[in-house]
Structure formats: structure tokens, C-alpha cells
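Visitor: I would like to go through this model and ask on what grounds each label is given.
Guide: Then let us look at it together.

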Amino acid sequence: MKILVCPLNGPRPVSEFAYGGEIRRAPDPDTCTDEEWSSYVFNRSGSPGLKYEWWCHVASGFWFVVLRDTARDLVIDTFPADTVRRGLPSLPASPAPSGKAAT
Amino acid sequence: MFTRHDSLKAGYDVVIIGAGGHGLAAAYYLARDHGIRNVAVLEKGYLGGGNTGRNTTIIRSNYLTPEGVKFYDESVRLWQDLGEDFDLNVFYSTRGHYTLAHTDAAMRTMRWRAEVNKHYGVRSEAVDAAFVKRGIPSIDMSCGGHAPILGALFHEPGAIARHDAVAWGYGRGADRRGVEIHQQTEVTGFRLLGGRLTGVETTRGFIATSKVLCAVAGFTPRILDMLDLHTPIYVHPLQAMVSEPVKPWLDPIIVSGSLHVYVSQTARGELVMGASLDPYELHSTRPTLDFVEGLASHMLDMFPFLSEVKVNRQWAGLADMTPDFAPIMGVTPVEGFYLDAGWGTWGFKATPVSGKTMSHTVATGRNHPLIEGFGFDRFARYRLTGEKGAASVGH
């Protein structure tokens, strides 16, 4: 990815953008357990795959949402920030991880 | 150099995933110090082809936390006679290591690190600009006028080594003691019985074992997903590059956090250079022009006379980063599954000590005292081991 298409500014060099990490839902701090809260604070989905992420066009201060394949560095789609409030589309089927634990 | 094994056995006492420096070192010490020789090391690619072969080979122990200083100092001690241990030249070369300070805030961190280091018997000193200029006469002390050097943390034991030889030495030593190294063998899943590990599924069939050590750096999250284990590990590429060989002119190792540069000159004259992490998550080792341009311009701030020197190669590795810049080592919630991960951008120097401590941990089932600050459960307990000030240049 050398060019990122910003919903506001159009195609711009990726060096003009800041990565804001994967979009994650916070658990309700009043009702969740300590384990759920520490997991939210620290744990990340570290495996490659399709992820919704926050990105910012630094020069214009414009935050938006990118759906990106983190294995291939391929942007699938971009969305305005308020899509997060209205509900992001469910993730397209991504390649299954190569294995699972069998018991 | 290595025994060829045509087939996997039905079972092993210990299976190690990843034939990089850390995995092979653990296999070596399991066989040598603990008498556990019925061991298989599984590698999906080739021996030493991951971050062991992609790092910039700097060895030092000038860390910030007591846990880190004690751990890395033991590693530096183990490095000293590794070549003799292996009967193989690992080109270990003590150079002295300067971490340059360009701001008052950086100078404060250097004094802090020097005091912690000296408290634990590690030779580090906060030094002034004149000392830096004497040690590195060819450096532009103003760094192009925009980042003047105020001083440095000077760490006399700082060294470099031949990274491939480390993997070969540990691999050969393990191989000669009966450990089987299987390349082109990928782990695809695990079998558990009542929360206990009973075996490993691979692309070449099932292996029964009650103990697995996972030492796979940037591939750690994919392995942990198979066991439904969750960690803070996130993966960004880390790039490096090397110049054409030139005659020896740079003896010490130079690091600048402000300019995002670390550089040393190898025995064959190449400048090995690295910078900070790529700015976003990616599981690919593609190199970028942005990286070369940025790093080259910062190199020229310090050493303007290099403007005619060519860059020969660039490459990347997958760094398994943690939020506190300390590794995640030892026992896990899955009985029999041991983790050696979260080595991000700082794993090469720890190769001997991580092998030593992880082999102890696997053999006894209990974390070695030196790795207690790096436990899997420290995040759930909000007890982080903050090494960011000493582990990276990207802050």
C-alpha cells in the first residue's frame, strides 16, 4: 500500500496518514469483570486477516475507517467515521486459520 | 553440518516450534544441561531464516528495569564463550555502544539507565559531548544543525556477532546431542486432553508429546489462535538495510533514538543499519522506499561523507511487539505449552539466555527466576515490565 484513498481527500501517499489501530468495542466498565477489562486494555487480535481500522489523514485531521487485509496490505474499502456508530458491515469471509485445537 | 531425518518419530519428550536462534538454543541447553535429548525442532521454513537472520546483531545489556538488566546481562555473559562452546567462530566482537542523546530529556533517561546498570554491575556511563566526539571522531556533532548531540549512554560491553553462526552453532550442538531438526514442517494444530497438551498436528502428520515450546516470533498469534490463548502481541514489520563494503572506519555501535537510527560496521566492512518499526500492522516482509529514504537521510545527518556510499540490500522481519517492550516467556494457561515470544525488535541479544531459561522452564515445569518479570499473566494483573525507554528507537 503506497497510496491510500481517503474518503475526503482522495488518493494520497500513505506517509500522510496515521494508523489508529483496530476498531474494538469496549466492555461496560461498570458491569464487566477485571479479566474482561484487562483483556480489552491489553489483548489484541494479532493474527493476519481482514480488520476494520482507524486511520487519520494527518494534514487535514480527518479520521475514517479502513477495511484492510493485514496479510497482503490490501485496502478492501473505506468508510466515514460515523459508520462505527451506525454499525459496521459484518466482516467478509476471510481465509480460516490453518488449524484449530482438537480435544 | 546437520543430520538428515527422513521421517518424524511418533512422539518426542519435547517439541520445539521454530528453528530460529531461540528455539535452537532451548534445544541445545535441554540436551546439554538437562539430559533431555528426545526432542524435535519443527521449522516451517528453513533454519535461521526468520528474525535470527534478519536482525542487526547488536548485543547489549544497558536496559532500564532491574528485571531487564539482570536478564540481558546474563545473556552478554553467555555470549562471551559461545564460540568456544560451539567450536565455531560466531565473530563476537566487542565494540562499545553509544546511545546518543540529542535532548535534555534523553540525557535524563541516559543517567537513569546508567545508574540502574551500575547498580547491577553492568558497565554503562552517561558521557558528555566531548567523550562522544573522541569515541566517534567522524560524527557531525550538530547532526546537520537540527539535532545537536548533548551526550550519550556509553555501554562498553556492547557487541555484534555473526547471526547465522549463532543459529548454526546451537543447531549443530543440539543435532550432535540427538535433537532432531525438521525443516519444511509446519504446525497446523494441537491436541489437548482435559486442558493438557497431548500432541501436535503438522503438515507431515501427528506427533505425540506432552511439552511444546513455541518460539516463532512474528507467527506467535497464529499459533496461539489454535489454542484459544490471547495476548497483547501485535505484529509490525521491522526493516533493515546494509551498505556496500567500505574500509573500516566505524568501530563502535551507534544508536540515536531521536534520529531513529542504529548502525554498526561488520567485519567485512558493510554498514548494517536499522530504524524504527513500520507504522502499521502488516504480516508481510515487503521492503519500502520510504524506509530507505528516511534512514539514509538520518544517516547523512550524522555522517555526511557517506553520501556516495550505495545501499546494497534491504529486507524486513515480522516483529511480535508487546505494550511494555518486554518479552512474554514461560508457562501458559495450557499445561505443557510454553511460550517464548514478544521479542519484537530486541530478541537477538537474548538468544543464549532465553534458550537457557526456557530449557530450565520446560524441563522443570516452573518459570526460571530470571524470567519472572516476563510472565504470560502479567497483563491480567496490570504488572507490566516497562522497557520502552531502553528497548527501541521508535518512541
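Guide: The C-alpha centres of domain 1 and domain 2 of chain B are 29 Å apart. This is a predicted model, in which local features need pLDDT of at least 70, side-chain atom pairs count only at pLDDT 80 or more, and totals for chains, interfaces and linings use all residues. Residues are numbered from 1 along each chain as its sequence is written, while chains are lettered from A and ligands numbered from 1 in the order in which they are written.

Visitor: What makes up domain 1 and domain 2 of chain B?
Guide: Domain 1 covers 14-55 + 164-232 + 323-391, and domain 2 covers 94-157 + 234-321. The bounds come from an automatic or database domain assignment.

Visitor: How many residues of each domain take part in the contact?
Guide: Domain 1 of chain B gives 15 residues and domain 2 of chain B gives twelve. Two residues are in contact if their C-beta atoms, placed from the backbone, lie within 7 Å. On the domain 1 side, α7 (220-226) and α10 (388-391) of chain B each supply at least two residues. That side divides into five nonpolar, nine polar and one charged. Here Ala, Val, Leu, Ile, Met, Phe, Trp, Tyr, Cys and Pro count as nonpolar, Asp, Glu, Lys and Arg as charged, and the others, Gly among them, as polar.

Visitor: How many residues does the contact between the chains take from chain A and from chain B?
Guide: It takes 22 residues from chain A and 30 residues from chain B. Helix α1 (residues 34-42) of chain A gives the most to the chain A side, with four residues. The chain A side holds seven nonpolar, ten polar and five charged residues.

Visitor: How many helices and strands are there in chain B?
Guide: Chain B has ten helices and 20 strands. Helices (H or I, at least four residues) and strands (E, at least two) are DSSP runs, numbered from the N terminus.

Visitor: Why are β3 and β4 of chain B said to stand at the edges?
Guide: The open sheet of three strands has the order β3-β8-β4 in chain B, with antiparallel pairing. β3 (58-59) and β4 (93-94) of chain B each have a single partner strand, so one side of each is left without a neighbour in the sheet. Strands pair if DSSP finds at least two bridges between them. β4(B) and β8 (residues 159-160) of chain B are joined by two bridges, which meets that rule. In this pair Ser93(B) stands opposite Ile160(B).

Visitor: What joins β11 to β12 in chain B?
Guide: Four bridges join β11 (residues 196-202) to β12 (residues 205-208) of chain B, and the strands run antiparallel. β11(B) and β12(B) form a hairpin with two residues between them. Thr202(B) stands opposite Gly205(B).

Visitor: Why is Phe325(B) counted as buried?
Guide: A residue is buried if 20 or more other C-beta atoms lie within 10 Å of its own, exposed if 12 or fewer, and partly exposed in between, with C-beta atoms placed from the backbone. Phe325(B) has 25 C-beta neighbours inside 10 Å, so it counts as buried. Phe325(B) lies in the loop between β18 (311-321) and β19 (328-331) of chain B, and has a positive phi of about 60° although it is not a glycine.

Visitor: Is Asp228(B) buried or exposed?
Guide: Asp228(B) has 11 other C-beta atoms within 10 Å, so it is exposed. Asp228(B) is found in the loop between α7 and β14 (234-243) of chain B. Asp228(B) is not a glycine, yet has a positive phi of about 55°.

Visitor: Why is Val127(B) called partly exposed?
Guide: Val127(B) has 18 other C-beta atoms within 10 Å, so the label is partly exposed. Val127(B) sits in strand β6 (residues 124-128) of chain B. Not counting residues up to four places away in sequence, Val127(B) touches Val132(B), Gly151(B), Ala152(B) and Phe154(B).

Visitor: How do you know that the radius of gyration of chain B agrees with a compact globule?
Guide: With 395 residues, a compact globule would have a radius near 21 Å, and chain B has 21 Å, so the two agree. The radius is taken over C-alpha atoms, and the globule rule is 2.2 Å times the number of residues to the power 0.38. Buried residues make up 54% of chain B.
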